[in-house]
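Subject: Structure handover

Hello,

Here is the structure you are taking over. Please keep it open while you read the notes below it.

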Amino acid sequence: MLVVSLAPAADGAKYASALGVVTSMSQARPLNVGLIGLGTVGSQIAERMLTWGPQLSRRAGVELCLQKVLVRDVTKRRTIDISPDLLTADPDAILDDPRVEVVMEVAGGDEPMRSYIERAIQAGKHVITANKVVMAKHGPELLDQAAEKNVDVYFEAAVGGGIPLISTFRTDLQANRIESVSAVINGTTNYVLGRMAAAGLSMADAVREAQDAGYAEADPTEDVGGYDATYKLAILASIAYEIKVRPDEIYREGIQGIEPVDFRYARELGYAIKLVAHTQRHTGRVEARVHPAMISLDHPLARVEGAENAVFVEGDLVGKVLLMGQGAGGRPTASAVVGDLIDLARSIRRGVQSRPSFSFDDRIGVVPIGEVKTRAYYRIRVDDRPGVLAAIGQVFAEEGVSISSFIQKDAWSHDMTAELVVTTHPSLDASLQKARERMERLEPVHAVSSFLRVF
Ligand code: NAP
Ligand code: HSE
């Protein structure tokens, strides 16, 4: 039946329906949505819902009504045009309102957001969240609770901003056994590493530039330290293998130790340097690690530029799949959240859960990093005198690490030192670390200035 909707259905809906809408919707009651957070992402969600309501509602098959928006400070000046009547600082106004059927959480952080999401589920409300911290730490439990209450939890925006990742795993790749997922999944670090590589900037200068460009936070620790990528990998690995992978089980290293000279050497050897998040299936266990890595210039992840993200998946049936796009930003992230809302609204309208729910196996653990086999790159500052190469070669030999290339790079006559670059064949990470520690104790070695895994 064709419906011309001009009248507001509820408080917030007057903005959504102000333009009028010609749709093929049935005369179902509107779907009332509570939004938690009106910052970078929330503002874009609210704006889309308030200015593009008719189109969204037509696609959803039901009128989508923004009922209330929870913020910390209702008096704060907002970047979008929104009625003050929609704003509240009282979480109960959303969580205890029986008219609200869907809670969209885009505030961020662990508590109180985990509790709000749990309360929403227990009250029989569906949840859509962009919160990677909550989903990485508590996702499996929240999804189990949601299954018990027969509601859904959508979290497309928690990983990779606007890139359709979760829905791809949840639907399109369901016929596959996922073998591995490798990703450049933190835009800030990719921007920083890109600027160090292209312009020779120091890390501090590149981070400052990323902050000025609006990519990096005032405190960039979460990104630079690899925490953000670890949360995202925990979510991806959990859904890829349907096991519980916790962020604290993932080996994590940030990009702090990398110096501009490493980019020059990497390029000469045919590599780019990226912060890589990688997980791989092993018999009965999975590998999961986040660290900077040298990555062959032929690999698609080596070509991810600026603040973009890319996720490279290998499934046993589909083969290799590359998903790439804007991994952050208000608009791309709002695209994912509002896309989830439309999918959820369609399911509710049809009275079915259109997507399979997850069941998480507890018995499969993560391989400790020491047992992972990988290649490595070492940059070593040494005295430039006879016998040094032999001493270093002996350490590698005794640790069972096979050298792939051994090159003397820059030498400094003023202090008779030189820089050696060693790359290895695949070896146990524990042996690579042992070799590093032992070299640092050798008398002619000033420092192992850089250690990077080669992907
Ligand atoms: P943001 O700009 O800092 O906005 C946070 C919003 O949440 C603000 O409106 C704030 O209210 C509100 N808020 C925070 N704590 C609250 C509390 N305890 N009670 C009520 N309201 C609260 O954050 P954002 O960048 O939009 O990110 C939101 C979420 O999306 C995070 O989980 C983030 O990880 C995720 N995400 C963000 C991006 C991105 O590019 N920004 C990309 C992907 C995912 P006030 O406005 O009153 O302060
Ligand atoms: N800080 C993240 C990044 C975006 O730089 O990729 C939010 O997930």
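Which helix gives the most to the lining of the second largest pocket? The answer is H13, with six residues. Helices (H or I, at least four residues) and strands (E, at least two) are DSSP runs, numbered from the N terminus.

Some ground rules come before the rest. This is a predicted model, in which local features need pLDDT of at least 70 and side-chain atom pairs count only at pLDDT 80 or more, while totals for chains, interfaces and linings use all residues. Residues are numbered from 1 along each chain as its sequence is written, chains are lettered from A and ligands numbered from 1 in the order in which they are written, and side-chain values use heavy atoms, with hydrogens and water left out.

The pocket

Rolling a probe the size of a water molecule over the atoms shows where empty space is left. A pocket is found on a 1 Å grid over the protein atoms alone: it is an open set of points where a 1.4 Å probe fits, with protein on both sides within 12 Å along at least five of seven lines, and its lining residues have an atom within 4 Å of a point. The second largest pocket has a volume of about 250 Å³, where volume is the space filled by probe spheres set on the points, and points are joined across faces, edges and corners. Its lining has 13 residues, and Arg48, Arg331, Ala334, Ser335 and Val338 are nearest the centre. Two or more lining residues come from each of helix H2 (40–51), helix H3 (53–60) and helix H13 (330–350). By class, the lining has five nonpolar, four polar and four charged residues. Here Ala, Val, Leu, Ile, Met, Phe, Trp, Tyr, Cys and Pro count as nonpolar, Asp, Glu, Lys and Arg as charged, and the others, Gly among them, as polar.

Ligand 1

A residue is counted around a ligand if one of its heavy atoms lies within 4 Å of it. Ligand 1 has 23 such residues, and Leu38, Val41, Lys76, Arg78 and Gly329 come nearest. The shell divides into 11 nonpolar, seven polar and five charged residues. Polar contacts (pairs of N or O atoms within 3.5 Å) are also present. Oxygen atoms of ligand 1 lie 3.1 Å from a polar backbone atom of Gly39, 3.0 Å from a backbone N or O atom of Arg72 and 3.1 Å from a polar side-chain atom of Lys132. On its own, ligand 1 has 900 Å² of accessible area, and the protein covers 79% of that. Such areas come from the Shrake-Rupley method with a 1.4 Å probe.

Ligand 2

Which residues are around ligand 2? They are Lys132, Asn186, Gly187, Thr188, Asp223, Asp228, Lys232 and Ala328. One is nonpolar, three are polar and four are charged. Oxygen atoms of ligand 2 are 2.7 Å from a backbone N or O atom of Gly187, 2.6 Å from a side-chain N or O atom of Thr188 and 3.0 Å from a side-chain N or O atom of Lys232. Ligand 2 taken alone exposes 260 Å², of which the protein buries 80%.

Six strands make an open sheet with parallel pairing, in the order E5-E4-E3-E6-E7-E8. Strand E5 (87–88) and strand E8 (153–154) are the edges, each pairing on one side only. Two strands pair if DSSP finds at least two bridges between them. Strand E7 (residues 126–129) and E8 have two bridges, and Ile128 has Tyr154 in E8 as its bridge partner.

Glu111 and Pro112 are joined by a cis peptide bond, with omega about 5 degrees. Pro112 is in the loop between strand E6 (102–105) and helix H5 (113–122). Asn150 is not a glycine, yet its phi is positive, about 60 degrees. Asn150 is in the loop between helix H6 (132–149) and E8.

Regards

Definitions and conventions: A polar contact is a pair of N or O atoms within 3.5 Å; within protein, one must be able to donate a hydrogen and the other to accept it, and residues adjacent in sequence count only if both atoms are side-chain atoms.
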